[in-house]
Amino acid sequence: MSIVTVQLGQCGNQIGFEVFDALFSDSHCPQGLCSKRENEAYQASCKERFFSEEENGVPIARAVLVDMEPKVINQTLSKAAQSGRWKYGQCSCFCQKQGSGNNWAYGYSVHGPRHEESIMNLIQKEVEKCDSLSGFFIIMSMAGGTGSGLGAFITRNLQDQYSNSLKMNHIIWPYGTGEVIVQNYNSILTLSHLYRSSDALLVHENDALHKICAKLMNIKQISFRDINQVLAHQLGSVFQPTYSEEGSSHYRRNPLGDLMENLVPHPEFKMLGVRNIPQMSEHSLAYSTFTWAGLLKHLRQMLISNAKMEEGIDWQVRPPLSGAPTLGKMSVNKNLHFNTSLANLVILRGKEVHSADLGGFKDPALYTSWLEPDNAFNMWKTQRAFNRYEKSAALVSNSQFLVKPLDMIVGKAWNMFASKAYIHQYTKFGIEEEDFLDSFTLLEQVVASYRNL
């Protein structure tokens, strides 16, 4: 089954390019450490998901590119075409001459309705090229104007027009120090609208990605491209094909459906985060060896201590004792910032993958009391190595990892709102104070629900 990717705004288009490039590079990587037949099946599965039939032998990304300024889309198209390995379709873009000026209301209330028909037609054409549609993967930032405002509008339209197809929004969480004065307003409006119309929100935080570039990749002058490549690596390690079940050599057909089924057990909880191990520069990779036991021990501790990378993990954080009274469990959690999970999916790729022991992720103490570990934990595997890593593991988790950042953004937005700062920039495009209050209410409920896991 195929996934149609919708790239929105500068951020969405730049990330989208890196994601397709990473997927293509990996599926054509000669060092897959598996048989030729297996490699061909992997390539075919990746192609069915993300690329449509070739034009003169060049695969075309199943994507629609949307931005309100032409510059980034033109750069993205030409970078893909210059690679000579894959490209975007000639008629898969929509751009205008005037951006949204970092104003969520302008993206949502002006650009959205004005260009709705053209954009939805492009998406429909892309959907018609799929033999069967797994769903939509929508890449957008949360803090700007076009990606966030128009992104929320398009997601709502997809929900109306393709109510039976799954929608996963990939959201870039802004730097805490902030690039845009109204980013907290834009963020709460984006999140609250997506919570109503999307099936899952896969979140990457700019601050965490920046740290990975600095500490693990040893990059001195970090650019957005570096950050986007780390991100694309993490997404690739989740979305590339894996076997449908233990012992099977068939690849799973419905990646989005399987992700949602494993990770979103209740519509109140739809925030997903990704962690990867190992992640390092190519230079270091050549000198490194890994065992599954070591990788999984680190990955589990990254989960429970809410660390985004394997460096600087807090090993003091321990799961509360199973069977301890819930009240006690709560207070222990508070002291040590234990990250309780609702659902986890571990994806293993590479050598001797069947010997990996995942028992540590089945500990009931890791999960909320109303789900059994059997229902809350899943694993996917393939012997095909990913991106030249002999062994690698990805963890997608639905956990309390965003409680603090979300609480902070809501708090900052509320402080500005209480003094009516910049509200006029939104009301003049039809977003009323009532809409802000609805957003605050919804997100405070989300924070409370995750806190109580």
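**Salt bridges**

Modeller: There are 15 salt bridges in the structure. Keep in mind that this is a predicted model.

Colleague: Start with Arg252. What does its side chain meet in a salt bridge?

Modeller: Asp258. The N to O distance is 3.0 Å.

Colleague: Is Arg252 buried or exposed? And Asp258, buried or exposed?

Modeller: Arg252 is buried, because its relative accessibility is 10%. Asp258 is buried as well, at a relative accessible area of 17%. The cut-off for buried is under 20%.

Colleague: Next one. Which residue does Asp407 pair with?

Modeller: Arg451, in a salt bridge. The closest N and O atoms are 3.0 Å apart.

Colleague: Where do Asp407 and Arg451 lie?

Modeller: Asp407 is in helix H14, residues 403–418. Arg451 is in helix H16, residues 433–451.

Colleague: How accessible is Asp407? And Arg451?

Modeller: Asp407 is partly exposed, with a relative accessible area of 33%. Arg451 is partly exposed too, at 34%.

Colleague: What does Lys420 form a salt bridge with?

Modeller: Glu433. Here the closest N and O atoms are 3.7 Å apart. Lys420 sits in the loop between H14 and helix H15 (423–427), and Glu433 sits in helix H16, so this pair ties together parts 13 residues apart in sequence.

Colleague: Which residues are linked in a network?

Modeller: Lys351, Glu352, Glu390 and Lys391. Salt bridges link them.

Colleague: Change of topic. Where is Arg62?

Modeller: In the loop between strand E3 (58–61) and strand E4 (63–67).

Colleague: Which side chain of opposite charge is nearest to Arg62?

Modeller: Glu126, 5.4 Å away. Arg62 is buried, yet has no salt bridge. A salt bridge has to be within 4 Å, so Glu126 at 5.4 Å does not count as a partner for Arg62.

Colleague: What does the side chain of Arg62 join in a polar contact, then?

Modeller: The side chain of Ser2. That polar contact is 3.4 Å.

Key:
Residues are numbered from 1 along each chain as its sequence is written. This is a predicted model: local features need pLDDT of at least 70, side-chain atom pairs count only at pLDDT 80 or more; totals for chains, interfaces and linings use all residues. Side-chain values use heavy atoms; hydrogens and water are left out. Buried means under 20% relative accessible area, exposed over 50%, partly exposed in between (1.4 Å probe, protein chains only). Helices (H or I, at least four residues) and strands (E, at least two) are DSSP runs, numbered from the N terminus. Lys and Arg count as positive and Asp and Glu as negative; His and the chain ends are not counted. A polar contact is a pair of N or O atoms within 3.5 Å; within protein, one must be able to donate a hydrogen and the other to accept it, and residues adjacent in sequence count only if both atoms are side-chain atoms.
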